[in-house]
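Please keep the sequence and the model open while reading.

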Amino acid sequence: MLYDCVIIGGGPAGLNAALVLGRARRKVLLFDDNHARNRVTREAHGFITRDGILPDEFRRLAYSDIARYPSVEVKSERVTSIKRLDKIHFELETAEGNSFQTIKIILATGLKDEQPNIPNIEKFYGTSLFSCPYCDGWELRDKPLAVIADKNVYKLAKEVFVWSQDLAVFTNGEGRLEAEECDKLLAKGIQVYEDNITALEGENGQLKGICLEDGTLIERAGGFVTPLWSHCNQFAEELGCELNEYGGIQTDEYGRTNVWNVYAAGDAAHIVPAQLVIAAGSGSAAAIGVNGDLTNEYFGD
């Protein structure tokens, strides 16, 4: 079967793209290997009518919506390669050895995070340590918080200050604050620690304190970190897609990349800002772009 569009990635961008294309009666294949970036998150926030929803519940509801449209297929296989057959068609192969052909592709593969080099940080990430204050700042409001970052630490500290003024910044021996930035933080009562972090203390995912190399223990009840991110695969690079200033896949307002018949949506393209609602919206826009282009091509426009 030749599909109108194959969507790679079952996060909010891919799911919403599948919904919109299904409603447009397009033959769609969605690949979802269930490795969403937010799978460690207990609750998702900032999405109107779905504020506080569990990520698994969001996926369940999304698939319930998509199931109403018979032209949308879903496979849990992992795509391993994409090959252009001619100017119009692509062939995709999966780890299971299956191949599929399509006219359009939406890359909604998201990003993968690598946490800072701090012992046991994974025990707290997603429970009391998070990456986005817009997503989780409300739940940590007015608590003694930490900002742990080696890049953009000043920007993140200013953002978190909106939710709590009991704030301490940790550069973990790797980050860098300009002298003027440090002075501005100190003037607002924000503590700054530049030593290496040797341990995080707490239990059941709840942070209680941060231990520094010199033995100092700073009591904190939660906070925000800036993980290093990377693309989940090399598809964009291999296809020749250009990147934007943040390292995401460059697209226009309808998800079109510089490569004919290749579109991108979600965190893989819209790195800043990154929210579930933004990813879902970009998936909808990419789907509209795909459907509009297919329609125009049919009419020879």
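## Basis

The model is predicted, with local features needing pLDDT of at least 70 and side-chain atom pairs counted only at pLDDT 80 or more, while totals for chains, interfaces and linings use all residues. Residues are numbered from 1 along each chain as its sequence is written, and side-chain values use heavy atoms, with hydrogens and water left out.

Helices (H or I, at least four residues) and strands (E, at least two) are DSSP runs, numbered from the N terminus. Residue classes are as follows: Ala, Val, Leu, Ile, Met, Phe, Trp, Tyr, Cys and Pro are nonpolar, Asp, Glu, Lys and Arg are charged, and the others, Gly among them, are polar.

## Helix α1 against α7

The axes of α1 and helix α7 (residues 276–299) come within 7 Å and cross at roughly 40°. That angle makes α1 oblique to α7. Axes here are lines fitted to C-alpha atoms, for helices over the stretch in contact, and angles run from 0 to 180 degrees between N-to-C directions. Angles under 35 degrees count as roughly parallel, over 145 as roughly antiparallel, 65 to 115 as roughly perpendicular and the rest as oblique.

With contact taken as heavy atoms within 4.5 Å, α1 residues including Asn-16, Ala-17 and Val-20 meet α7 residues including Ala-280, Gly-283 and Ala-287. This contact has eleven nonpolar, five polar and no charged residues.

## Helix α1 against α2

The axes of α1 and α2 come within 9 Å, crossing at roughly 15°. This makes α1 roughly parallel to α2. The crossing is left-handed.

On the α1 side, Pro-12, Leu-15, Ala-18 and Leu-19 take part; they meet Phe-58, Ala-62, Tyr-63, Asp-65 and Ile-66 in α2. The contact divides into eight nonpolar residues, no polar and one charged.

## Second largest pocket

On a 1 Å grid over the protein atoms alone, a pocket is an open set of points with protein on both sides within 12 Å along at least five of seven lines, a cavity is a set where a 1.4 Å probe fits but cannot get out, and lining residues have an atom within 4 Å of a point. Grid points are joined across faces, edges and corners, and a volume is the space filled by probe spheres set on the points.

The second largest pocket has a volume of about 250 Å³. Of its 14 lining residues, Asn-16, Phe-47, Phe-58, Ala-62 and Asp-65 are the closest to its centre. Two or more lining residues come from each of α1 (12–23) and α2 (55–66), and α2 gives the most, with five. The lining has ten nonpolar, two polar and two charged residues.

## Cavities

The whole structure holds two cavities of 30 Å³ or more.

## Backbone features

Val-272 and Pro-273 are joined by a cis peptide bond, with omega about -10°. Pro-273 lies in the loop between β17 (262–264) and α7.

Asn-152 is not a glycine, yet has a positive phi of about 55°. Asn-152 sits in the loop between β9 (145–148) and α4 (153–161).

Methods: A crossing is left-handed if the near helix is turned anticlockwise from the far one by less than a right angle, and right-handed if clockwise.
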